[in-house]
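Hi everyone, thanks for having me.

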Amino acid sequence: MNLIKVENVTKGFQEGLFRRRMVLQNVDLTVRQGDFVVLRGANGAGKSTLLKIILGLQEPDSGSVKLFGTSPKSPESKLQIGTVFQEVTPPSSLKVRELVDLVRSYYPNAISTQAILETVGLTDKQNAFPSDLAGGQKQRLYFAIALVGNPKLLILDEPTKNLDIEGQEAFWQQVEHCQKNGVTILMVTHIKSDQDKLQSLATHIITLADGKLTYDKQSQQKVPIKDQSVSSLVHQSTNPLKVLIHQTWAEMLQLFRSPTYLAGVFLFSGLIAVMPLGNDVEKLHNGIVLFSTISLLIFSLERLGKRIAIERVEGWLKLLKVTPLRPSVYIAAKLASNMVVLICSLSTIFAIGIFKFGAEQSLAQWLVLGTGLLLGIIPFAILGLALGYVVSPKALDPIAALLIPLGVVSSGLIPIENPAYIKDLIVASPFFHYREIIQFAAGMDYDNQLLLHVGWLIFYGVIAGVVAKFAYQRDSLAL
């Protein structure tokens with residue numbers, strides 16, 4: 001069976017206004033079950049680009065790619081793949097065992113975490129954080145993540161880089177073990193110390209230069225395969241609810257192990273204590289509602305987006321995209337963890353309103369207000385996710401700084417009668433519908449069109465979700 005089928009693939013990148021540099025030109029590549037294919041080439045020759053196209057991280061300009069007989073963008077095509085990238089920074093607040101457990105949950109036929117840690121020699125480091133590992137130990141962790149899904153195909157991008165001598169020996173022992181058990185391997189490397197080992201192990205050695213492939217070694221010998229049932233897993237999948245639970249738990253662990261971030265949430269929310277809300281009951285209530293809304297918007301648009309952008313820049317998001325993890329599950333887990341942050345923020349604001357300012361509301365009234373604020377913020381949180389996929393972490397601060405005043409104006413808080421089209425645009429704004437829902441939840445006067453406002457926010461939530469999913473899968477995110 002052909003695990004990888006690349007046909008007539010061409011890919012180029014724009015350099016300046018009038019020049020396009022072609023890195024792949026009409027490339028054909030077939031990787032059969034049991035092959036050990038080595039791809040060599042100078043830096044910038046296009047090796048990583050070819051891998052990204054094979055893994056569905058980038059689209060070719062022309063040509064076609066099949067991974068296990070299906071589109072490489074499909075999560076099902078990743079069920080039998082393990083990948084090691086050159087530069088990936090895993091979440092610093094998840095321990096080694098927790099990281100392997102998390103990735104393990106994505107696969108229907110995974111190996112036990114303990115067995116994988118023993119295989120790569122990280123049992124004694126299972127409770128360490130990635131930042132505490134030496135360079136060679138980090139590479140072992142990446143290899144453990146690649147193997148835990150029990151892959152039929154290993155894709156290795158410079159896997160021996162930064163490995164110590166002991167790590168290299170363990171790596172090659174595992175590679176030989178995988179090869180003997182019928183695991184197909186596609187390895188990219190330009191490290192000279194690997195070449196002698198590869199001459200004896202590889203079935204095909206290919207050089208990529210000037211956008212074309214040249215076969216330096218091409219074995220015609222059929223490799224013995226122990227397990228021919230490669231295609232059977234393509235039609236299996238893990239339980240989405242089970243994956244969501246694991247992913248959400250991992251997000252929660254990262255959240256509660258980030259004291260600086262949580263401190264920032266409580267400190268910002270606590271700023272209401274120094275605001276001049278006065279003793280007037282109506283003004284006090286309105287001030288609490290307004291500050292709560294602004295707080296939720298900031299933590300949903302800017303803070304959530306920044307967390308996503310950091311994962312993207314550090315390469316962790318790229319690694320997740322070559323696993324069977326579905327974008328919808330990833331997005332739902334991020335939203336769930338963000339809701340915890342928002343609940344902490346609202347609890348702080350409400351508590352200060354009650355105990356410092358003496359705000360008089362029943363428990364039911366506080367619950368209704370909090371529920372309205374939280375449910376209405378979901379479309380904006382999804383928008384924050386989408387922003388995190390397409391902009392840098394530093395760019396999110398000025399974007400949020402623009403969106404908040406834009407939201408105030410487009411919510412209708414500031415009456416604008418002329419020109420008439422501005423008023424019409426405000427009525428179509430998601431901020432306007434969010435304001436009306438908040439006013440209902442807060443017991444204020446509103447236009448008695450609650451279902452209409454809920455429907456519009458659901459519509460905007462769906463649009464934001466489609467945009468977030470599209471942004472998650474965009475070529476430019478494959479750093």
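This is a predicted model: local features need pLDDT of at least 70, side-chain atom pairs count only at pLDDT 80 or more; totals for chains, interfaces and linings use all residues.

Let's start on the outside. Leu 452, Trp 456, Phe 459, Ile 463 and Val 467 make up a nonpolar patch on the surface, and together they have about 430 Å² of accessible area. A quick word on terms: patches take residues with over 30% relative accessible area and no salt bridge, joining like charges within 9 Å and nonpolar side chains (Val, Leu, Ile, Met, Phe, Trp, Tyr) within 5 Å. A salt bridge is a side-chain nitrogen of Lys or Arg within 4 Å of a carboxyl oxygen of Asp or Glu. Accessible areas come from the Shrake-Rupley method with a 1.4 Å probe, and for residues only the protein chains shown count as cover.

Residues are numbered from 1 along each chain as its sequence is written, and side-chain values use heavy atoms, leaving out hydrogens and water.

Val 467 sits in helix 16 (residues 450–472). Helices (H or I, at least four residues) and strands (E, at least two) are DSSP runs, numbered from the N terminus. Buried means under 20%, exposed means over 50%, and partly exposed is in between, with a 1.4 Å probe and protein chains only.

Now let's zoom out. The chain has 16 helices and 9 strands, and its C-alpha trace spans about 85 × 55 × 40 Å along the principal axes. Of its 479 residues, 52% count as buried.

So what's inside? In soluble globular proteins, nonpolar side chains tend to be buried together. Here, the largest nonpolar core has 93 residues, and Phe 36, Ile 54, Phe 143, Leu 154, Trp 316 and Tyr 389 have the most contacts inside it. Helix 4 (residues 135–147) gives the largest share of this core, with 7 residues. Another core lies apart from it, with 42 residues, including Val 265 and Leu 374. By nonpolar core I mean a set of buried Ala, Val, Leu, Ile, Met, Phe, Trp, Tyr and Cys residues joined through side-chain atoms within 4.5 Å.

In helix 2 (residues 96–104), Val 96, Leu 99, Val 100, Leu 102 and Val 103 are buried. They cover an arc of only 160° around the axis, so they are on the same side of helix 2. That arc is taken from the directions from the helix axis to the C-beta atoms. The buried residues of helix 2 pack against helix 3 (113–120), helix 4, helix 7 (240–256) and helix 10 (316–321).

Lys 217 is in strand 9 (residues 212–218), and at 24% relative accessible area it is partly exposed. Leaving aside residues up to four places away in sequence, Lys 217 touches Gln 199, Ala 202, Thr 203, His 204 and Ile 205, where contact means heavy atoms within 4.5 Å. Then there's Gln 439, in helix 15 (residues 430–441). With a relative accessible area of 14%, Gln 439 is buried.
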